[in-house]
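Look over the sequence and the 3D structure before reading on.

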Amino acid sequence: GLLLLAAALGATAAARCPAPCVCDNLRAHVLCLNGSLTAIPDTIPELTRKLDLRGNSFTVIPAEAFLATPYLTHLDLQHCKVERLEEGAFRGLGRLVYLNLASNGIALLYQESLDGLFSLQQLILEGNRIEEIQPGAFGHLGSLTVLDLRANALVYLPDMVFQGLQVLRWLRLSHNALHVLGSEAFAALPALRRLSLDHNELQALPAEALARLDGATRLDLGHNPITYVAEEALAMASLRHLFLDHASLQDVAPDAFARSPQLRILDLRENQLQGLPPLAGAGGLVRVSLDGNPLLCSCLLRPFHKWLARARVQAEGACAAPPALRGRSLNSLKSPEMRCSRLRPSPSPTAPPEQPSSAGSRRCPRGCVCSPDFHHGSCENRDLREIPRNFPEDTRLLDLRRNPFRTVPPDAFPGLKELVSLHLQRCSIRVLHPGALRGLESLVYLYLTNNHLSTLTAAAFEGAPQLAYLDLDHNAFTRVPAGTFRLLPNLISLHLQHNAIRELVEGDLAGARGLRWLYLAGNAIRHIAPAALAPTKMLEKLQLEGNHLSEVPTAALRGLPALSELKLSQNPIKHMGDGVFLPVASSLQHLYLDNMGLERISPHAFTGLGPKIRSLYLESNKMRNIPDMSNFTGLEILNLQDVPFHCDCQLLPLHRWINKLNLCVGATCDSPAEAQGLKVKLSTTFQTCSGWGQGKAGENNPNKTKAASKPSKKKRSGKSPARGFSKSRA
């Protein structure tokens, strides 16, 4: 009877498997990979435990999107073009332990975005464009042990931003642009053991913030432009492994690590150190790595060398000078060999002066709310006609959204030298006057979306030199406000989406030398001048989807050696000629060419592209064949859905190639009639082609390619090798 009941439940679940998904009823897994889903399916079996939705197009995860699947433990939403998580998006998933949201377009985490995930243990947010995290965003994640925020756009971490993460053990913040950390940013992480802050923009050791991490044993700070480690700079009682490699270190104070008595491994590789002093107080040190430093093995290094022997510390490194000792390892040196011969030490850099901290006054404008714990002020949606004043001087985030200010006058924010984030969305602003931001010397984020701005002058940003994120989406610009950015040397991210910009001309981006991310989607751009992007030599992301371009702007891409993501989706580009991506071929990783009505791609259009390409989107176009992509060996995402492929012998190379890929690409035959609707991977029309047998043998040889497909029996049947899978008719 129980077996019959189980079979009945399995049959019911199979019948409910949504198209185009695959359901493994025995293991309660559902896979809907690389499809054309634009909404979360509401017919997923209720008892599903693992749901894999990678490679779809959801844009927004609405509130209570997964109420129908309360038993989920694992949810994968990688590469789903998600831009926003509504408050309560995951409400009802109280059993979820693993959530992967990597490689999407999420820009902001709200306080209730992750509400209801009280069992979650791993949260992966790598590779989004998160610019800001509101304190309280993680407040409901009391079981989380790993939080991955790598490769986002974070510049600033406010105080108590990780409040609620009582059992978090590993916090991954690598590959952001962090250069400002609140002194209490890590104060609410009592269980943290590992902190990854490598590949950021920290110019000094964030000593005050790190001092809150009593239990952390490993700290990664490599690849930051830190030049000096000051006296007692690191007070971490449990720290055992410290990585400061590939930084810009020129000097380390003798007692820099005296307050980290458990330190065992110190990695200082690839810096600019000519030497080190004896490291007082670091009695537990076992190894110091100094490889790649220009070590001057003169008499000046003798005290450090003697200390190494006395403390029995292993040192890795070799002399760069004098010439007689060049290449000699530190461990092989004898003290008499280290002579001075009139050499003078280079002056040591002095420690940067500490910035005085101010508790600030506890005043607050009438009708507003000021939080002394988070240093926040909010007057959201108060129907204010003028920007209020007299906020506490230590305010760091100011939320003035949804007030009809219309203009921002000069000196509108007096006394707010510590302000980092300013929200002025939906304020009917038409004019930002010269000097409007004067005095905001710490401002990093400025949000001006959904206003009526049509022009800006550089003088409007006078006095805000640290501004890194400028969001001007949904305004009334008809052109990029030329010259505006010359007073913003630290600008990293510029949002000008959903305006009415018609073209990019030379000089529009003058002064934006450090720009990394440029968002221009949803405008009316028809032309990009060859030199328009020339000032932005550090550009990594260029998003041009939803414009009026009729060709790939190849000439404008020259001189962008770091460009890794290019979005041209939803532009009326009908034809792609040879070598159109050559200027960025050595760096490009993500290419979006979907929904363009593309009719023909030249056989050599992708010349120069190869193993670096990780994702390629070509869905919803009109070409009937595509160029050879056999050297795209690094692909993780390939979408060929809704392309009318003509499955004749000319398409045989594509058929062979996608059979070797361990990817679901969605390619379907549109013709001839006998193949219409069949997957290119499974179509039998290729069996009449000359060389079919040879190709078939190659496909079945697992030594032929790393990602060789399964034997031909599987290909003929179209069934998954996993037992219990049922596939929808689609």
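Which cysteine does a disulfide join to Cys21? The partner is Cys32, with an S to S distance of 1.9 Å. A disulfide is a covalent bond between the sulfur atoms of two cysteines. Here a disulfide is called when a pair of cysteine sulfur atoms lies within 2.5 Å.

This is a predicted model, where local features need pLDDT of at least 70, side-chain atom pairs count only at pLDDT 80 or more, and totals for chains, interfaces and linings use all residues. Residues are numbered from 1 along each chain as its sequence is written, and side-chain values use heavy atoms, leaving out hydrogens and water.

**The Cys21–Cys32 link**

- The rule gives a count of seven disulfides.
- The link of Cys21 and Cys32 is right-handed, with 105° about the S-S bond.
- Cys21 sits in the loop between α1 (2–15) and β1 (22–24), and Cys32 in the loop between β2 (29–31) and β3 (50–52), so the pair ties together parts 11 residues apart in sequence.
- Helices (H or I, at least four residues) and strands (E, at least two) are DSSP runs, numbered from the N terminus.
- Cys21 and Cys32 are both buried.
- Buried means under 20% relative accessible area, exposed over 50%, and partly exposed in between (1.4 Å probe, protein chains only).

**The Cys297–Cys319 link**

- A disulfide also joins Cys297 to Cys319, S to S 2.0 Å.
- The torsion about its S-S bond is about -100°, so the disulfide of Cys297 and Cys319 is left-handed.
- Cys297 lies in the loop between β22 (295–296) and α3 (302–311), while Cys319 is in strand β24 (residues 319–321), so the pair ties together parts 22 residues apart in sequence.
- Cys297 and Cys319 are buried.

**The Cys364–Cys370 link**

- Cys364 and Cys370 form a disulfide, with sulfur atoms 2.0 Å apart.
- The torsion about the S-S bond of Cys364 and Cys370 is about 80°, so this disulfide is right-handed.
- Cys364 has 32% relative accessibility, so Cys364 counts as partly exposed.

**Other cysteines**

- Cys80 is in no disulfide.
- Cys80 counts as buried, at 0% relative accessibility.
- Cys427 is buried, with a relative accessible area of 0%.

- Over residues 16–50, the chain is 0% helix and 20% strand. The end C-alpha atoms there are 16 Å apart.
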